[in-house]
Amino acid sequence: MPKAIFNIAYTSARPPANLRGDARAEYVGRRQFYNLTADYNFFSYALNGSKVVKNATAEDYFTRSNTNAGLFNLEGAMTSEQVEELRAKLKETESTIWHGFISFDEETSKGFDTQENAIKFLRQTFPSFLARTHLDPKNIELYAALHDDTDNRHIHFAFFEKEPKRRNKNGVLGYTWRGNIDSRAIDNYLVSANMHLDEHADEYYSARDRALGRLKELRGEIKEKGAKGTPRTVVKALRELAEKLPKEGRLQYNAENMKDLRPIIDRVGALLIASDPESDEAYKAMMQQFARIEGEVKKLALENKLGYVNGKRLTADEMHRIMQGDTRNKEMPVSYLDMSQVDYLDRLKDDYRARVGNAVIAICRQIDRADKMELRRRFRNKGRMRKVRAKNKRRRRESILQGAAKIFASMSRHTQDNFLKSVQEIEREQEIEKLYGKR
């Protein structure tokens, strides 16, 4: 049996045009139940824990004994002020109101003995469901309550759009007109919610964290020792990838500007993992977890009745009978969850691949920075050597010039002495000629 089943419906602000008579009146009453304008409403049931009068209104549908102690959202337990604000919004909203429940089997119900556990469960699983719908998760107001008055504990939830943000073909701003939730979103939530509750769920996350932790250690070793301790083929691949990384924009694996590089990043990541025995061992453990999860998902889809009756979603009563193991209605045809719509395992693999990819990118950038620092160091060293050589050259030139100057100065004195000597001799000869005359 599944650990959890999920049912969701909706009530729009106005009844469908094709409804007439009692059907239209019933629809209006249902809307008043969920927007809290009826005397007995959604809050009345959720907080009280049991229906006193069918569709009478909703506050006690969520609260218990007319208190708001049981109401919460993804942020935590709601205060009385928050509940009053929510009530005012609901009475005025023209948004479709979506409502449903998540019911747990007896064994799993034991883990939902406090409101905190229910809050944690919704916080960890429901945002991904909303992200798969046609709605904007940021524009959703969600509220819920845990009912623990039965063996099968269940979370009642409802949500609506905070503001009108959709424009129709005429450009008029309004709320989303489509109430039906894509069956793909429902199928994937059924799987992810059940896998989240699986007793082996921690084994996958432990294996993933060990594998990613080893990559983080490798990054630290490369930073400490440089590329010398890493195989040349790996370093070469990392450097080639580093050269191809965009010079602008986000350097994240899932960034749009990295789309063409992802296959290369995957190959470099595989090469890096295979080059390190510890990383390789952790990777193989991850693959074993993926194989186990794949088997669990297939078992969940093939052996459990999770979604359809005659092509339609199970009704609340039908889902309740299934959770209770009631198989008396042998003629009720139940089809299985549509596995062609489920990409739970693919999303796990994509998440792991992205995490490895980001680790590879970080190592690439680290090696690239180290290489550039080494080049700058060499350039600085070359600059210092050039300065030393230039200084020595200047010293040699100055020495040569100084020596030449000394030689020139010495030669100049000798020449000057010879010149003076010659002048004196000429003067003496002239004096002799005057005394004795020329011969």
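**Exercise 1.** Which side chain meets that of Arg184 in a salt bridge?

*Solution.* The model is predicted: local features need pLDDT of at least 70, side-chain atom pairs count only at pLDDT 80 or more, and totals for chains, interfaces and linings use all residues. Residues are numbered from 1 along each chain as its sequence is written, and side-chain values use heavy atoms, with hydrogens and water left out.

Step 1: apply the criterion, a side-chain nitrogen of Lys or Arg within 4 Å of a carboxyl oxygen of Asp or Glu. The partner of Arg184 is Asp343, at 3.4 Å, N to O.

Step 2: Arg184 is in helix H6 (residues 183–196) and Asp343 in the loop between strand E12 (334–335) and helix H12 (344–436), 159 residues apart. Helices (H or I, at least four residues) and strands (E, at least two) are DSSP runs, numbered from the N terminus.

Step 3: classify accessibility. Buried means under 20% relative accessible area, exposed over 50%, and partly exposed in between (1.4 Å probe, protein chains only). Arg184 is partly exposed because its relative accessibility is 32%; Asp343, at 15%, is buried.

**Exercise 2.** Locate and classify the salt bridge between Asp351 and Arg208.

*Solution.* Step 1: the N to O distance is 3.5 Å. Step 2: Asp351 lies in helix H12 and Arg208 in helix H7, so the bridge ties together parts 143 residues apart in sequence. Step 3: Asp351 has 26% relative accessibility and therefore counts as partly exposed, while Arg208 at 11% counts as buried.

**Exercise 3.** How many salt bridges does the structure hold, and which residues are linked in a network?

*Solution.* Step 1: the structure holds 19 salt bridges. Step 2: the network links Arg214, Glu217, Glu221, Asp276 and Glu278.
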